[in-house]
Amino acid sequence: LAAAGKRVGIVDLDIHGPSLPTMVRPEDKLEVSGESLLPLTSKGVKLMSMGFINPGVMPLRGAKVTPVVQQLVGRTVWGELDYLLVDMPPGTGDVQLTLSQDFRVSAAVLVTTPQRLSFVDVVKGVEMFDKVGIPTVAVMENMCGMPLTALQRKVEGWIEEHAPAEGAAAELRALLAEPQPIFGESHVGRLKEMWGIDSSFSLPLLPSVASSADGGVPLVVTDPGCEAAAVYAELAQAVDREVSSLESLELPQVMYSTAEGMVLVLMPGGEVQKITPRELRAACRSPSNDLSSLPEDLRPVDSVPMGNYAISVVWSDGHQSLLPYRSFVKGYAGGAAAAA
């Protein structure tokens with residue numbers, strides 16, 4: 001984002017295990033002005049983390065975490081920013097709740113890996129942000145396979161030495177070209193299907209990413225032309241596009257007609273589509289959605305657009321659904337691309 005000319009700050013809210021001081025080496029030292037914190041900087045990006053304030057171990061009970069979050073976000077003198085990126089710990093605990101309740105959060109980007117355990121956490125994260133009215137606009141999946149780089153080099157040497165048939169050499173290269181899914185298959189396709197999060201990206205397990213983080217200089221700075229930097233640039237463009245279009249995109253309007261017992265979908269062009277409450281509920285892919293026990297008088301009681309691709313629906317039985325428009329709106333292309 002900063003390379004694209006945006007004014008950016010990063011606040012590390014992993015209070016118990018701050019990583020920003022290791023991953024980014026600041027150009028200055030922490031300063032305090034009265035009760036305010038002055039952010040550190042690196043390559044024009046402003047930084048704040050508990051690790052800069054207290055580099056040692058800092059055990060805190062849950063109730064003590066909230067004021068720390070409030071201080072790091074609210075009492076840091078950020079100045080004029082286009083984006084304040086908040087790095088949060090995994091889960092749906094005090095940090096996430098404090099941030100969503102005390103500050104206006106424009107959108108969320110979820111970071112995951114191919115493991116099923118990580119996917120379960122992503123589901124919880126999307127649903128928690130849905131409940132507090134924060135749209136998830138992008139997903140970044142790390143460690144999506146391991147490139148066989150060392151083996152590829154050895155095979156090239158073997159091919160040069162033994163000179164197999166051209167077709168055999170090409171087949172061998174093709175076998176080694178795809179990263180091996182040592183942590184399981186990618187969940188990006190499933191995330192797109194469940195919630196319509198089209199801005200989803202994957203990166204294989206790359207030693208260069210780990211070494212740059214350990215060295216304190218981001219890879220986008222040390223090697224801006226590499227594969228990972230290109231993916232991060234795509235992610236930044238997607239986030240900027242999605243957030244910018246949140247205020248201007250014309251979306252379908254959803255309402256419930258008590259007289260007809262139908263859900264009405266009002267399209268921007270004036271068309272009206274109709275769907276039964278049960279049909280709409282069937283589009284919900286949440287693991288907690290039990291279609292076998294729906295009440296006869298099921299109806300939506302509230303609906304709120306969530307970003308550019310989905311709508312949050314609260315039901316009369318207490319369930320809450322996050323539904324991509326394309327899962328229930330006929331012919332819907334949607335998204336920022338449609339607006340453009």
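Which residues of α3 are buried? The model is predicted, so local features need pLDDT of at least 70 and side-chain atom pairs count only at pLDDT 80 or more, while totals for chains, interfaces and linings use all residues. Residues are numbered from 1 along each chain as its sequence is written, and side-chain values use heavy atoms, without hydrogens and water.

**Helix α3**

In α3, the buried residues are V65, V68, V69, L72 and V73; buried means under 20% relative accessible area, exposed over 50%, and partly exposed in between, with a 1.4 Å probe and protein chains only. These residues lie on the same side of α3 because they cover an arc of only 120° around the axis, taken from the directions from the helix axis to the C-beta atoms. On the other side of α3, A63 and K64 are exposed. Helices (H or I, at least four residues) and strands (E, at least two) are DSSP runs numbered from the N terminus.

**The sheet β13-β14-β15**

Three strands form an open sheet in the order β13-β14-β15, with antiparallel pairing; two strands pair if DSSP finds at least two bridges between them. Strands β13 (300–306) and β15 (320–324) stand at the edges with a single partner strand each, so one side of each has no neighbour in the sheet. Strands β14 and β15 pair over five bridges, and I311 has L323 in β15 as its bridge partner.

Axes are lines fitted to C-alpha atoms, for helices over the stretch in contact (heavy atoms within 4.5 Å), and angles run from 0 to 180 degrees between N-to-C directions.

| Helix | Lies across | Angle to β15 |
|---|---|---|
| α5 (residues 116–131) | β13, β14 and β15 | about 105° |
| α8 (residues 188–195) | β14 and β15 | about 105° |
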